[in-house]
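Please walk me through this structure. Start with the overall layout, then move to single residues.

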Amino acid sequence: LATGLAFLDTPWTTIAAGIGVPTLVVTGTDDVILDADTRQAIEHLGNPHLQVAVVADAGHCVRREQPQAYHALVDPWLAAHAR
């Protein structure tokens with residue numbers, strides 16, 4: 001972070017395959033790290049703990065750019081996974 005660069009040294013598919021707790025990844029469609037090919041690869045991993053949700057016409061910060069769409073996805077997901 002000190003350099004101003006933020007990137008992963010490990011491919012998303014490797015990270016996603018190792019997730020062992022319920023995880024919701026919310027991403028947009030505009031200029032995002034998780035492009036369509038990467039999202040498709042993650043979804044095809046078959047990891048039952050991982051769900052990818054895409055909000056059209058949102059960028060990196062879906063919560064700020066599309067708050068209603070964000071909460072429509074996240075709030076029920078959290079309620080379903082609350083203990």
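Predicted model: local features only at pLDDT ≥ 70, side-chain atom pairs only at ≥ 80, totals over all residues.

Residues are numbered from 1 along each chain as its sequence is written, and side-chain values use heavy atoms, with hydrogens and water left out.

The protein has four helices and two strands. Here helices (H or I, at least four residues) and strands (E, at least two) are DSSP runs, numbered from the N terminus. Read from the N terminus, the order is α-β-α-β-α-α. Along the principal axes, the C-alpha atoms fill a box of roughly 35 × 30 × 25 Å.

Next comes the surface. The protein exposes about 5900 Å². Carbon and sulfur atoms supply 55% of that area. Accessible areas come from the Shrake-Rupley method with a 1.4 Å probe; for residues, only the protein chains shown count as cover. Of the 83 residues, 23% are buried. Buried means under 20% relative accessible area, exposed means over 50%, and partly exposed lies in between (1.4 Å probe, protein chains only).

How far apart in sequence are the residues that meet? Among contacts between residues at least 6 apart in sequence, 70% join residues at least 24 apart. A contact means heavy atoms within 4.5 Å.

Now the strands. β1 and β2 run parallel and are joined by six bridges. The chain crosses from β1 through α2 to β2, and this β-α-β crossover is right-handed. That term applies if, with the strands pointing away from the viewer, the path from the first strand over the helix to the second runs clockwise. Two strands pair if DSSP finds at least two bridges between them. Val25 stands opposite Val52 in β2. Gly28 stands opposite Val55 in β2.

Which residues make up the largest nonpolar core? They are Ala16, Val25, Leu34, Ile42, Leu50 and Val52, six residues in all. A nonpolar core is a set of buried Ala, Val, Leu, Ile, Met, Phe, Trp, Tyr and Cys residues joined through side-chain atoms within 4.5 Å. In soluble globular proteins, nonpolar side chains tend to be buried together.

Val25 lies in strand β1. Val25 counts as buried because its relative accessibility is 18%. Neighbours within four places in sequence aside, Val25 is in contact with Leu34, Leu50, Gln51, Val52 and Ala53. Val25 and Leu50 are 25 residues apart along the chain, yet their C-alpha atoms are separated by 7.6 Å.

Val52 sits in strand β2. Its relative accessible area is 16%, so Val52 is buried. Apart from residues up to four places away in sequence, Val52 touches Val25, Arg39, Ile42 and Glu43. Val52 and Gln40 are twelve residues apart in sequence, and 9.2 Å apart in space from C-alpha to C-alpha.

Thr27 is also worth a look. Thr27 is placed in strand β1 (residues 23-28). Is Thr27 buried or exposed? Thr27 counts as buried, because its relative accessibility is 7%. Leaving aside neighbours within four places in sequence, its contacts are Val32, Leu34, Arg39, Ala53, Val54, Val55 and Val62.

Turn to the loops. Asn47 is placed between α2 (36-43) and β2 (50-55). Asn47 is buried, because its relative accessible area is 12%. Its side chain reaches the backbone oxygen of Ile19 at 2.9 Å. Not counting residues up to four places away in sequence, Asn47 touches Ala16, Ala17 and Ile19.

Asp57 is in the loop between β2 and α3 (62-65). With a relative accessible area of 59%, Asp57 is exposed. Its phi is near 65°, a positive value in a residue other than glycine.

Last, helix α4 (residues 67-81) holds Asp75. Asp75 is partly exposed, because its relative accessible area is 39%. Asp75 and Val25 are 50 residues apart along the chain, and their C-alpha atoms are separated by 13 Å.

Definitions and conventions
Polar contact = N/O pair within 3.5 Å; in protein donor to acceptor, adjacent residues only side chain to side chain.
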